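Let's take a walk through a protein structure together. Have a look at the picture and the sequence first, and then we'll go through it piece by piece.

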2 protein chains.
Amino acid sequence: MSPKITTELLKQLRQVMKNPKYVQEPVQAYIVPSGDAHQSEYIAPCDCRRAFISGFDGSAGTAIVTEQHAAMWTDGRYFLQAAHQMDNNWTLMKMGLKDTPTQEDWLVSVLPEGSKVGVDPFIIPADQWKRMSKALRSAGHDLVPVKENLIDTIWSDCPQRPCKPLITLDLSYTGVSWRDKIVALRSKMAERKVMWFVVTALDEVAWLFNLRGSDVEYNPVFFAYAVIGMNTIRLFIDGDRMMDPPVREHLQLDSTLEPEFKIQVMPYGSILSELQAVGAGLSPKDKVWLSDKASYALTEAIPKAYRYLTPYTPICIAKAVKNAAETEGMRRAHIKDAVALCELFNWLEKEVPKGTVTEIIAADKAEEFRSQQKDFVELSFATISSTGPNGAIIHYKPVPETNRTLSVNEIYLLDSGAQYKDGTTDVTRTMHFGTPSAYEKECFTYVLKGHIAVSAAIFPNGTKGHLLDSFARSALWDCGLDYLHGTGHGVGSFLNVHEGPCGISYKTFADEPLEAGMIVSDEPGYYEDGSFGIRIENVVLVIPAETKYNFKNRGSLTFEPLTLVPIQTKMIDVNLLTEKERNWVNEYHQKCREVVGAELERQGRHEALRWLLRETEPLARVQ
Amino acid sequence: MSPKITTELLKQLRQVMKNPKYVQEPVQAYIVPSGDAHQSEYIAPCDCRRAFISGFDGSAGTAIVTEQHAAMWTDGRYFLQAAHQMDNNWTLMKMGLKDTPTQEDWLVSVLPEGSKVGVDPFIIPADQWKRMSKALRSAGHDLVPVKENLIDTIWSDCPQRPCKPLITLDLSYTGVSWRDKIVALRSKMAERKVMWFVVTALDEVAWLFNLRGSDVEYNPVFFAYAVIGMNTIRLFIDGDRMMDPPVREHLQLDSTLEPEFKIQVMPYGSILSELQAVGAGLSPKDKVWLSDKASYALTEAIPKAYRYLTPYTPICIAKAVKNAAETEGMRRAHIKDAVALCELFNWLEKEVPKGTVTEIIAADKAEEFRSQQKDFVELSFATISSTGPNGAIIHYKPVPETNRTLSVNEIYLLDSGAQYKDGTTDVTRTMHFGTPSAYEKECFTYVLKGHIAVSAAIFPNGTKGHLLDSFARSALWDCGLDYLHGTGHGVGSFLNVHEGPCGISYKTFADEPLEAGMIVSDEPGYYEDGSFGIRIENVVLVIPAETKYNFKNRGSLTFEPLTLVPIQTKMIDVNLLTEKERNWVNEYHQKCREVVGAELERQGRHEALRWLLRETEPLARVQ
């Protein structure tokens, strides 16, 4: 990996920072955040502006360029990568280290008095603008919105914004029509006495209209905004995809409809002016509902007194609770996914000893088996296929420079998933194709105990996911071990593999309580730098639990694993399991046998079926 | 309990709300918060202004009086009590219920346009002022500080502010001299580039100067403020207690000292003017450190740009980590406390069957036994002595109207503690003096399992207490049970029985990480309305844990019980315990035997010793 040479680019950027064609007044610093205008986790190539200007293409980082300096803030996952990818025009600001200044403090320390700091108001979330603007103002500087994105002005070969065809999802997949979703949304709006709702997150637009796209890799979304009024629906979207007859029919664009369900299609780029018009026409008691993560530009379009901002939108919360059709779809998707993985692991077991399987080959093979399954669309994230020491790099993705050959002497960790038209999967299995050491088995078993502790936990209705995080760590903690990531994230239904508002983490973000129908991952791990990584991940569905008593009539919840892929028993030290844990493993494997076994049989995959039957033999009682 | 008749008082209050002698302009509403000027949890009689004006004397509640209305906000613990104690001039605002308006919303709904809402700026914390002021301003009203407390102007028989003698604590109790505490504080101030530190919490003043008082019941504190500069120490305190020779000597008031350790004693009431003088004399880069809970009056004395506010002060954090002398003192105090409780339970076992022991008699007897112990000062909180259904009232305190007789048919719950000169105790035991039912034993055993799960937990250095809360609930949750309070609170060393900045709770307040030397309570419970209450509480010390491995060299922590009082084995269903749990109980009881047994022996308390030996027989293995 050689660094990107940015001398010329930085020179150009510093010129446009003073060019009256783009800025009202020269800006002494320009901020280039990571995200797109929708605060997406995964972004399209045309939005990779920070990577373009710096060379650093990790998923998180903020660049700031002043007349003299260029600095990049990123976190511990990316220190090495950023140092490799950036030339020495750049200073790496290692977030999380004690001596690293915040962006605000650094700006204050390097800027001449009374400076202007520019940023694209469409890219910066409103809450972040507020914080930064306040800090700069108190030091005598100004944060100013620069309407034209300055990176775009110098990015001559910037890829076009994707505008790919849409997929329509019928009721058998979504369970609820877009009309009924609009009705439910309007009733939430009425409850809060809100007249308008602005949909800014891409997965929320996709969910609301029962449409999917492929504008962003791994995430079946498309570039669009929506503004929902009590009597109007406006969809801001580009391209001729709205000319597609199935889409027109799905959205009933050519039907005679009650006016409150008539969708007005408008250009993607007109969102700001339309929202400003909404803002200008508000009556004294009107409110406009936005996510507090919406861009500064859109938030500012609504005068302050009329804004109603929440961390989670009603769409985000409704989307998280899957209905029967979605749950059934997720179940089907996970069975197909398990079939693919049984094929893969059976294949690996035969091929690994030959010494010809690399991490990249294994990842490709996993994709090949998945793509043979019905309604497969694409992967749900870049496959983490890692063996030996690479397994300890939590966000590893094999590239030719790091590509390692699987062997019978090293642990193999595969974290992968797919988008099927009926659901999204995300599963991690850790395997050994030779004989694991006692220590490897010990660590694996602690991770398994943590996985089971969460999966089998029973907890009252209304419990937030972060209260379950320590269950996953307890067995590791007892021996002085731990892992430095959260335990679980929300999973979309043929949507983003990471979604809010629930999760299981020691970080107490403002997660919403778990509810029956929510779907999260359960993925504790253990990583030993330079040697191996272990993670056991299932996607699990929150379901009601039967309990002996029912305190205050609150009801209880527990989890049902949707992922049905064998957990390698060879890696388990049975002596370390309680009877309850052993029973959990045996019952889980019994279910894998029955459900996935039947599907393997149906698909005529007999060799993989034999592998499944062997891998799901019950654990024997110790002594 | 008959309600207090407040018609005349409210009339008087409404008059002074318009009286130019007290208010610059008439106020249309007046807020009477619960607290004192130090945001104390326990307050002196002279500070019980809300109880005076309304009759409601629970520990939490805010009264607001307008020209037409009088309303009281309190939480679920006090709905019944407030309804009983207040006459029908008052509207009870039940906090936590969906339809209850916030104070701000209610004010906006009842006030005429452009109203002024008054409050004593010394009583309201700055953060609360900010929130309320903003809400009122956005509705066109003003929150205004009323310097003279309007309740005090009509409270003709208001008790005097207590001004009791001080106790000096020497190094054998405190481990660190007040001079060294000042040095440590100044080094924290230098780290943050702060020139002044304002000590507003009463326990922080007491801790800093190694002094104790008795101005507030149960809390060995005294009314005072302190302002620490890099070269000055100012102590704001009233009365002739500074004339007391031991105090003068302790503080070296008459010695020739380096000027930076010379304590300037000033009148309690001069804090505001002195702080204003500090505020007026600040240089551009100076900062003044205050708790964000300090009163609005004191916070406002420092111009905004110079304030450095934190949720926890460096004193609060230093105070929480007990040194060797404090830890040893706490150990001694808990042994003496255990002696008193062995005597009590032995006595109860003989007396309860006679039917002559009431909750009040039992509480008095507990105090009597405690007062026989060396260095006993007072109780550390009002004893919760409750039997049968009273046990289900979590904050119960027996009064003649509710006083119930202990019997062999009901569970008895005793939550009590004391202040000794060497330490503070807080212990809850749940006992049955007859034969408990299988269901009572089952519930008790779940609570015990939760208690052990926290007490025996091993967790990494840097873990926050709230991450341990679910361990205490897991056994209850498995059966659909739970309890509606936190699991633990910080405990002072001969100081307040509740102190920050650590605790164990499902509520994710901003607790600081647990550190070796911190002391918290471990007190899960289960309560069945109308029948019984169960709670098992030990005070535990955070200590380093030995573990098999040591991930990232972080080190691990666990707890050592300081409380050494037998847990009634009659209440345990041994079948529900794991082997590890059974061993924990047996080892705990073995330690009670050895440590408390030796002290009972030394004190010649042979009957109580026999009781202890019987109660600490090892649990037999089942089957």
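In which strand of chain B is Pro501(B) found? Pro501(B) sits in strand S23 of chain B, which covers residues 499–504. Before going further, keep in mind that this is a predicted model. Chain A has an average pLDDT of 96, and 99% of the residues score at least 70. For the model, ipTM is 0.94 and pTM is 0.95.

**Some backbone details**

Back to that proline. The peptide bond running from Gly500(B) to Pro501(B) is cis, and its omega is near 0°. Over in chain A, a cis peptide bond joins Gly500(A) and Pro501(A), with omega at about 0°. Pro501(A) lies in strand S23 of chain A, residues 499–504.

**How the two chains are related**

**Where they meet**

| What is counted | Value |
|---|---|
| Residues of chain B in contact with chain A | 35 residues |
| Residues of chain A in contact with chain B | 34 residues |
| Salt bridges between chain B and chain A | six salt bridges |
| Residue pairs in polar contact across the interface | 14 residue pairs |

Four elements of chain B each supply at least two residues to the side that touches chain A: helix H16 (438–455), strand S21 (459–460), helix H17 (469–478) and strand S25 (525–528). H17(B) gives the most, with five residues. Sorted by class, that side of chain B has 18 nonpolar, nine polar and eight charged residues.

Together, chain B and chain A bury about 2900 Å² between them, 60% of it on carbon and sulfur atoms. Trp477(B), Tyr549(B) and Phe551(B) supply 24% of the area that chain B buries against chain A, more than any other three residues.

Finally, look for Lys552(B), which forms a salt bridge with Asp529(A). The closest N and O atoms of this pair are 3.1 Å apart.

Key:
Residues are numbered from 1 along each chain as its sequence is written. Chains are lettered from A and ligands numbered from 1 in the order in which they are written. This is a predicted model: local features need pLDDT of at least 70, side-chain atom pairs count only at pLDDT 80 or more; totals for chains, interfaces and linings use all residues. Side-chain values use heavy atoms; hydrogens and water are left out. pLDDT is the predictor's confidence in each residue, from 0 to 100. Contact means heavy atoms within 4.5 Å. Buried area is the accessible area (1.4 Å probe) that two parts lose on being put together, summed over both. A salt bridge is a side-chain nitrogen of Lys or Arg within 4 Å of a carboxyl oxygen of Asp or Glu. A polar contact is a pair of N or O atoms within 3.5 Å; within protein, one must be able to donate a hydrogen and the other to accept it, and residues adjacent in sequence count only if both atoms are side-chain atoms. Ala, Val, Leu, Ile, Met, Phe, Trp, Tyr, Cys and Pro count as nonpolar, Asp, Glu, Lys and Arg as charged, and the others, Gly among them, as polar.
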